[in-house]
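Please read them with the structure open.

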Amino acid sequence: DYSDRDIVIENGITPIEPDWQSKLADDKIRLVYCSTPHRGLEILVPVFQRLAEKHPNIHLDVFSSFKIYGWGDADQNFEPLYKIIREHPQMTYHGFKPNDEVKSHLAKCHILAYPSIYLETGCRVLMESMSAGLSCVHPNYGALPDTSGSLTYMYHGSSDRVTHANVFASNLDFVIDQYKTNRQKMLDRAEAVSAYANQRFDLKLILKKWQYTLEELAEKYPAGA
C-alpha cells in the first residue's frame, strides 16, 4: 500500500562521457570490476582466468578495496585474490582510486563484469557503467533488474557459487564474442543504454526531485505548527 510517510528517491550520478573512439580503436576488449571485493570478485577472478585462455585479447582492470570505507585492514582477507590478479598478465589490480580516476577509466572500457552476490538496493557501479557506455554483465539480484531497466546483459543467478560462476562465465563469454564479431554494433547498443542512464539518473534531475519533496514537506509541516 502507498504511505504518506514514505518516499523513495533514486540515487543520482554525474553522467560520464564515453570515449567512443578509444572503445572502437583499442585492440583489446577491456573488462572492469569496480566495487568492493565481497560483492563478487571471488567469482569473477577464476571465471576470467578460464576465459583468458580462450580470448587472449581481453584484459580485466580491478578497482576494489575496503579502503573506500576506511577499512583497509579488511583487505587482508582478500589478499590471496589480489595476488592472483597482480600476477596474471591479462589482469591489473588498481586497489582504491578516486572516483574521478575510475570514471575516466570506465569511459574507455567495454564490459562491466559484475557477478554480484550482494543484495544491492541502488547500485551506483551499474549506473555509472551504463552511463559510460559499457555492456554490463550481472545477475538479476536485488535491485539490479530495476536499476538496469532490463537493458543490460542480465542473467538468472544462483545462491550456489559454482552454479553462479558457470552461468556468469557463459554470459560473459557471449558478450566477449559479440565484441569480437561486431564491435560497432555493441557500441551502438551501449550508446542507447548510456542515453537511458543519463536521462534517468542524472544528478540534476534527482536534485530537482529532492527540492520538490522538501518544498512539499515544508508546506505540509510548517515550522511552529
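1. A crossing of two helices is called right-handed if the near helix is turned clockwise from the far one by less than a right angle, and left-handed if anticlockwise. In this predicted model, α2 passes α7 in a right-handed crossing. The residues that make the contact are E42, I43, L44, V47, R50, L51 and K54 on the α2 side; α7 contributes R161, H164, A165, N166, F168, A169, L172, D173, I176, D177 and K180.

2. Two packed helices are described by the angle between their axes and the distance between the axes. For α2 and helix α7 (residues 161-181), the angle is about 45° and the axes are 9 Å apart. The pair is therefore oblique.

3. The largest nonpolar core comprises 58 residues. L31, L41, I111, L112, F168 and L172 have the most contacts inside it. Helix α2 (residues 41-54) gives the most to this core, namely eight residues. Leaving aside residues up to four places away in sequence, L41 touches Y33, V62, S64, L81, Y82 and I85.

4. The open sheet consists of six strands with parallel pairing, in the order β3-β2-β1-β4-β5-β6. At its edges are β3 (91-93) and β6 (153-155), each of which pairs on one side only. From one strand to the next, the twist averages 20°.

5. Strands of a sheet pair through backbone hydrogen bonds, either parallel or antiparallel. Strand β1 (residues 29-33) and strand β2 (residues 58-62) run parallel and are joined by five bridges. Within this pairing, R30 stands opposite H59 in β2.

6. Which residue has a positive phi although it is not a glycine? This is S150, with a phi of about 55°. Most residues other than glycine have a negative phi. S150 is placed in the loop between α6 (144-148) and β6. Its relative accessibility is 52%, so S150 counts as exposed, the cut-off being over 50%.

7. L217 belongs to helix α9 (residues 203-220). Because its relative accessible area is 40%, L217 is classed as partly exposed. Between the C-alpha atoms of L217 and A107 there are 39 Å, and the two residues are 110 apart along the chain.

Note on methods: Residues are numbered from 1 along each chain as its sequence is written. This is a predicted model: local features need pLDDT of at least 70, side-chain atom pairs count only at pLDDT 80 or more; totals for chains, interfaces and linings use all residues. Side-chain values use heavy atoms; hydrogens and water are left out. A nonpolar core is a set of buried Ala, Val, Leu, Ile, Met, Phe, Trp, Tyr and Cys residues joined through side-chain atoms within 4.5 Å. Buried means under 20% relative accessible area, exposed over 50%, partly exposed in between (1.4 Å probe, protein chains only). Helices (H or I, at least four residues) and strands (E, at least two) are DSSP runs, numbered from the N terminus. Contact means heavy atoms within 4.5 Å. Two strands pair if DSSP finds at least two bridges between them. Axes are lines fitted to C-alpha atoms, for helices over the stretch in contact, and angles run from 0 to 180 degrees between N-to-C directions. Angles under 35 degrees count as roughly parallel, over 145 as roughly antiparallel, 65 to 115 as roughly perpendicular and the rest as oblique.
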